[in-house]
Amino acid sequence: MLKRKTFWIIAVVLLVAAGMVLMKKKSQGNVVPASASVAAVSTQASPAVLEFLPADIVEVGNSEVRKLLALSGALRAVNQAAVKAKVAGDITEVLVREGEAVQAGQVLIKMDSSDYLARQEQAKGALAAAQGQMEIARLARDNNKALLEKSFISKNAYDNTNNQYAIALANVDSAKGALAVAQKALADTVIRAPISGMISNRMVQPGEKISPDNRLLDVVDLRMLEMEAPVPTQDIASIKIGQTVQLKIEGVPATVDGKVVRINPATTAGSRSIMTYVQVANPDTILRAGMFGEAQLVVDKKSEVLSVPETAIQYEGEQAFVYAIENNVLQQKPVKLGLRGESQGKPVVEVLSGLAPQARVVKANLGRLRAGVAVKLIITTTTTTTTGKV
């Protein structure tokens, strides 16, 4: 019994010793030399070659840089007119509807003219009677003048007939004025277009009774429009009358040109902005009053200056820099910047110094890169050019 117990104790001790030997050998087999481990880490943290796609690189070139100020507002017609009634009466005909083109002087509305025609005839009769009275007074005055010269009547008698003639003459003038008023009232029963344009609103129907100054129609001339746009007071000094403007109108695919024609001398109540008026020629009447427009006002412009995309600029404190590729090596190049604006619809910045023409720079801000690293440009099968140009 004692021998069997001793046997099992010895067997357990031998098994434990064998396990320890195997674990030690396994541990020694997994050890990597220190130099190899550092090299591997160094290779992973700092690649020997930095790869870029052609779309990541841009070739610096000369271009026009424009500083733009965004404006927005609704279009309205420069020339527009509200057609109103000048006399009271009943509408008999309305000859136009919304959207119809009209010419200046064209008949738009007709009213019942029978009452005004009767007044005109009455005024004509009054004028004829006044002219008859004037002729009688003239003959009496001439006869008395001849008698006065022969001393057959007194001077007072002659003066009396002369005064009667003057009164008759005044009555004729008054009758002529009354006739002119009656004729104008009769003419006002036919309402004509004050300007050439299009009917935008119609507020009356045949059979309605209207009074003077009733608004009947609105006529707008679309050949010349203007956009009223508020400009912040801090930017108003950059705007001058005659400056050109590019407008994007809702519903119109192409941009249209305009120019600043007026600047309000006072700020708008309740805001720190000043109304600016941009005029737009519209000879084909494609644009409509009330359309919303967005304008890009050129407040500053430089031609043939060196520029880079705004996304390429990075900062280290107050110093601006870009990453440039020289001899296939990435370099950090400090630059001095000038005008900020756009070129061909893309935001760019003028470079006053620090870069030469045709320098290749990293277009996008990819974060902090390591200067001095070799660069490789990956050419894909679908790529036709290796660089872009500003």
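The model is predicted: local features need pLDDT of at least 70, side-chain atom pairs count only at pLDDT 80 or more, and totals for chains, interfaces and linings use all residues. Residues are numbered from 1 along each chain as its sequence is written, and side-chain values use heavy atoms, with hydrogens and water left out. The protein has four helices and 22 strands; these are DSSP runs numbered from the N terminus, with H or I over at least four residues for helices and E over at least two for strands.

**Overall composition**

- Of the 390 residues in the protein, 31% are buried; buried means under 20% relative accessible area, exposed over 50%, and partly exposed in between, with a 1.4 Å probe and protein chains only.
- Among contacts with a separation of 6 or more, 74% are between residues 24 or more positions apart, where contact means heavy atoms within 4.5 Å.
- The accessible surface comes to about 23,800 Å², and carbon and sulfur atoms account for 55% of it; such areas come from the Shrake-Rupley method with a 1.4 Å probe, and for residues only the protein chains shown count as cover.

**Strand S11 and its partners**

- Strand S11 spans residues 244–249 and has a covered face made of Val245, Leu247 and Ile249, whereas Thr244, Gln246 and Lys248 form the uncovered face.
- S11 runs antiparallel to strand S12 (residues 256–267), to which four bridges join it; two strands pair if DSSP finds at least two bridges between them.
- Val245 stands opposite Gly258 in S12.
- Six residues lie between S11 and S12 in their hairpin, and Gly251 in the turn has a positive phi of about 85°.
- S11 also pairs with strand S14 (residues 292–309), in the antiparallel sense over five bridges, and Leu247 stands opposite Ala295 in S14.

- Three bridges link strand S4 (residues 89–94) to strand S6 (residues 107–111) in the antiparallel sense, and the bridge partner of Val94 in S6 is Ile109.

**Nonpolar cores**

- The largest nonpolar core has 25 residues, and those with the most contacts inside it are Leu71, Met227, Leu247 and Leu297; a nonpolar core is a set of buried Ala, Val, Leu, Ile, Met, Phe, Trp, Tyr and Cys residues joined through side-chain atoms within 4.5 Å.
- At least two residues of this core come from each of S3 (61–84), S10 (215–232), S11, S12, S13 (273–281) and S14.
- S10 supplies the largest share of this core, six residues.
- Another core, of 21 residues, lies apart from it and includes Ala85, Ile109, Leu216 and Val219.
- Not counting residues up to four places away in sequence, Met227 touches several residues, among them Leu71, Leu247, Tyr277 and Ala295.

- Most residues other than glycine have a negative phi.
- Thr285, in the loop between S13 and S14, has a positive phi near 50°.
- Thr285 counts as partly exposed because its relative accessibility is 26%.
- Glu304 lies in strand S14 and has a positive phi near 55°.
- Glu304 has a relative accessible area of 60% and is therefore exposed.
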